[in-house]
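Hello,

Here is the model I promised to pass on. My notes follow it.

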Amino acid sequence: MSRHFRVWRGDSSGGEIRDYDVDVNDGEVVLDIIHRIQATQAPDLACRWNCKAGKCGSCSMEINGKPRLGCMTRMSTFEESETVTITPLRAFPVIRDLVTDVSFNYTKARETPAFSPPEGLAPGEYRMQQIDVERSQEFRKCIECFLCQNTCHVVRDHEENKEAFSGPRSFIRAAELDMHPLDARSDRKEYAQANQGLGYCNITKCCSEVCPEHIKITDNAIIPLKERVVDRRYDPLVWLGRKIFRR
Ligand code: SF4
Ligand code: F3S
Ligand code: FES
């Protein structure tokens, strides 16, 4: 059956939405359609993808305005008469067609202080408890698709916030390290608040809604980080201890 698609074509200097009528077969996903457009109508259509299994995080795009993975969005999601519009991620600069420059996210990842085990601890000297493994397991499912980063309103239409805001992907990394029993840095949450822009997040949960790995970014990473910042800042014993030991 032939269906109507609209695809953004262009580069950093500008572009336009172009129309394509494409045959769709049962069981196909949006990435199949992009490949068919490349094979039959527009061999120069640029699109990033790799695994076609929802695990590499490369094929992030916006489909009818919603951030999604092209390889995990079945055509049966849409009404047969519905036009499907495919555009690049909005929060990142376009390189060409559906390919965006996501280096912002790698810059922020590099800024996050690395895991730092206690000095002198040799391999095999410490066994992690299963409960500690499980607490951060959810965050390690991240495929770095950056749909959460693209969705968050703090940067989606606010380029000026990018320097001060690392985004939900960085917050789950901060939470994961904060929960690690061997991480010697005890200031992960203060760092997130002061250097990663945790305070910009007003818990809209849009990031959690688009995560293809169903990571509860807001409930399990951001809110606990925020709560622990508040605990440490306003706990009278912590406050007193700081006063005494900073003298
Ligand atoms: Fe993608 Fe989810 Fe990881 Fe964000 S947290 S980059 S949405 S997998
Ligand atoms: Fe943004 Fe997620 Fe917070 S969408 S505002 S980081 S809850
Ligand atoms: Fe790997 Fe879609 S191609 S997640």
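Start just after α7, where G197 takes a positive phi of about 80 degrees. Helices here are DSSP runs of H or I with at least four residues, strands are runs of E with at least two, and both are numbered from the N terminus.

Some ground rules. This is a predicted model, in which local features need pLDDT of at least 70, side-chain atom pairs count only at pLDDT 80 or more, and totals for chains, interfaces and linings use all residues. Residues are numbered from 1 along each chain as its sequence is written, chains are lettered from A and ligands numbered from 1 in the order in which they are written, and side-chain values use heavy atoms, with hydrogens and water left out.

**Helix faces**

Helix α7 covers residues 188–195, and its buried residues are R188, K189 and A192. Buried means under 20% relative accessible area, exposed means over 50%, and partly exposed lies in between (1.4 Å probe, protein chains only). These three cover an arc of only 100 degrees around the axis, which puts them on the same side of α7. The arc is taken from the directions between the helix axis and the C-beta atoms.

Helix α2 (residues 103–111) buries F104, N105 and K108. Down the axis of α2 they fall within an arc of 95 degrees, so they line one face of the helix. An α-helix has 3.6 residues a turn, so residues three or four places apart point the same way. The buried residues of α2 pack against α4 (147–151) and α6 (168–178).

K162 sits in the loop between α5 (153–156) and α6. K162 counts as buried, at 8% relative accessibility. Leaving out residues up to four places away in sequence, K162 touches A91, F92, F104, K108 and V155. Contact means heavy atoms within 4.5 Å.

**The two ligands**

Which cavity does the space taken by ligand 1 form? That space is the largest cavity. A cavity is a set of points, on a 1 Å grid over the protein atoms alone, where a 1.4 Å probe fits but cannot get out. Around ligand 1 are C142, I143, E144, C145, F146, C148, I172, C211, P212, I215 and I217. A residue counts here if one of its heavy atoms lies within 4 Å of the ligand. By class, this shell has 10 nonpolar, no polar and one charged residues. Ala, Val, Leu, Ile, Met, Phe, Trp, Tyr, Cys and Pro count as nonpolar, Asp, Glu, Lys and Arg as charged, and the others, Gly among them, as polar.

Ligand 2 sits in the second largest cavity. To sit there, more than half of its atoms must lie within 2 Å of the grid points. Elements giving two or more residues to the shell around ligand 2 are α8 (206–210) and α9 (217–234). The shell around ligand 2 divides into seven nonpolar, four polar and one charged. Its residues include C152, H153, C201, K205, C206 and C207.

**Two more residues**

E209 lies in helix α8. E209 is exposed, with a relative accessible area of 62%. E209 and T151 are 58 residues apart in sequence and 9.3 Å apart in space, C-alpha to C-alpha.

C51 is in the loop between α1 (30–40) and β3 (60–63). At 30% relative accessibility, C51 is partly exposed. C51 and C71 are 20 residues apart along the chain, with 8.5 Å between their C-alpha atoms.

**Overall**

The protein has 10 helices and seven strands. Buried residues make up 45% of its 247 residues.

Best wishes

Note on methods: On a 1 Å grid over the protein atoms alone, a cavity is a set of points where a 1.4 Å probe fits but cannot get out, and a pocket is an open set with protein on both sides within 12 Å along at least five of seven lines; lining residues have an atom within 4 Å of a point.
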